[in-house]
Every structure is written in C-alpha cells, then in structure tokens.
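Student: Let's go through this model together. I'd like to begin with helix packing.

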Amino acid sequence: MSFLLLKSLHISCAALSFTLFFLRGLWSLNNARIMRQRWIKIVPHIIDTLLLSSAIALAYTIGQSPFVDSWLTAKLFALLLYIVLGSVALKYGKTRSIRLLAWLAALAVFGYIVRVAITHNPLIN
Ligand code: HEM
C-alpha cells in the first residue's frame, strides 16, 4: 500500500475514532439506549485496530519509531492516556462528574495527539 493511501486510512480512522468517541461520551453521559446496541461495542474496536495498524505501517514506512523519535514516543504515550481516560469516561467512572471530566480530558488528549501528528513536535509552544 502506498504511503499516501496509508496516511489517508490513518487520518480517516482518526476522524472516525474521534467522532465515535465524542458521540459515545454524549450518549453514555445521557444514559442513551443506543449505548446498549451491539454495534456500538464492536465498531470502535475495529476502527481503533485499523488506526493503530496504519500507525505502525506509517512509522515503518518513514523509518521512524517510538522511543527513538520523540514525537512518536509522545503520540504513543498520549494514545495510552487517551485509552485509559476513555475507559473511565465510558465504563469505569463511578459518578457522572468523574465520567464527564475523564471524557473532556480524553478529548483534550486527542487534540494534543493531532497537534503532535501535524507538527512532529511533542512540545506545545
Ligand atoms: C489517536 C491516535 C492518533 C491520531 C488521532 C493520529 C493522527 C494523525 C494525523 C492527523 C496524521 C497526519 C498528520 C499530517 O498532516 O501530516 C498522522 C500521521 C502519522 N501518524 Fe498518527 N495518529 C494517532 C496515533 C499514532 C500512533 C500511535 C503512531 C505511532 C506510534 C502514529 C504514527 C503516525 C505517523 C508515522 C504519521 C505520518 C507522519 C508523516 O506524514 O510524516 N500515529 N497521525
């Protein structure tokens, strides 16, 4: 697969992942019935697997990797933080306020990841 195609796949998965996470947060905070539907538990996993696979393939193609290139290290750790905050927001948060805070923090971390992706710089300055 060409670099441009891989990058388009990566960006599309990132956009879909964000949209679904944003909506699932709203639905979960409002106890919407849609959250009990089967596809809502499956589709995000498929998209996130494609997002990560395309990330690995892209990094390999441009010859850069986490723990060597700081922007990719930052992206990887921020992704882990996004996953933890996301699971608190959608599943493990005990109160509505905790889930809301975790959801907002996860959205901010997502914004950071996109910024690092574009600037190739882990620092916000
Ligand atoms: C939620 C997670 C992620 C999001 C939202 C995301 C987003 C993006 C975006 C928007 C771009 C295009 C940047 C541009 O305009 O050039 C990009 C490129 C890229 N991403 Fe990700 N990414 C994520 C996770 C990762 C991870 C975990 C890795 C690897 C450890 C990774 C590796 C790359 C690479 C290698 C590129 C290509 C950079 C280039 O064109 O030079 N991404 N990502």
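**Helix packing and the ligand shell**

Student: Is the crossing of α1 and α4 left-handed or right-handed?
Tutor: The α1–α4 crossing is left-handed; that is, the near helix is turned anticlockwise from the far one by less than a right angle, and clockwise would be right-handed. Helices here are DSSP runs (H or I, at least four residues), numbered from the N terminus. Bear in mind that this is a predicted model: local features need pLDDT of at least 70, side-chain atom pairs count only at pLDDT 80 or more, and totals for chains, interfaces and linings use all residues. Residues are numbered from 1 along each chain as its sequence is written.

Student: At what angle do α1 and α4 pack?
Tutor: About 170 degrees, with their axes 10 Å apart. Axes are lines fitted to C-alpha atoms over the stretch in contact, and angles run from 0 to 180 degrees between N-to-C directions. α1 and α4 are therefore roughly antiparallel (over 145 degrees).

Student: Which residues make that contact?
Tutor: From α1, F18, F21, F22, G25, S28 and L29; from α4, R96, R99, L100, W103, A106, L107 and F110. Contact means C-beta atoms, placed from the backbone, within 7 Å.

Student: OK, new topic. How many residues surround the ligand?
Tutor: 20, and the closest are A14, A55, L58, A59 and A117.

Student: Which helices supply them?
Tutor: α1 (3–29), α2 (39–61), α3 (70–92) and α4 (96–119) each give at least two residues of the shell.

Technical notes:
Near = placed C-beta within 6 Å. Parallel < 35°, antiparallel > 145°, perpendicular 65-115°, else oblique. Contact = placed C-beta atoms within 7 Å.
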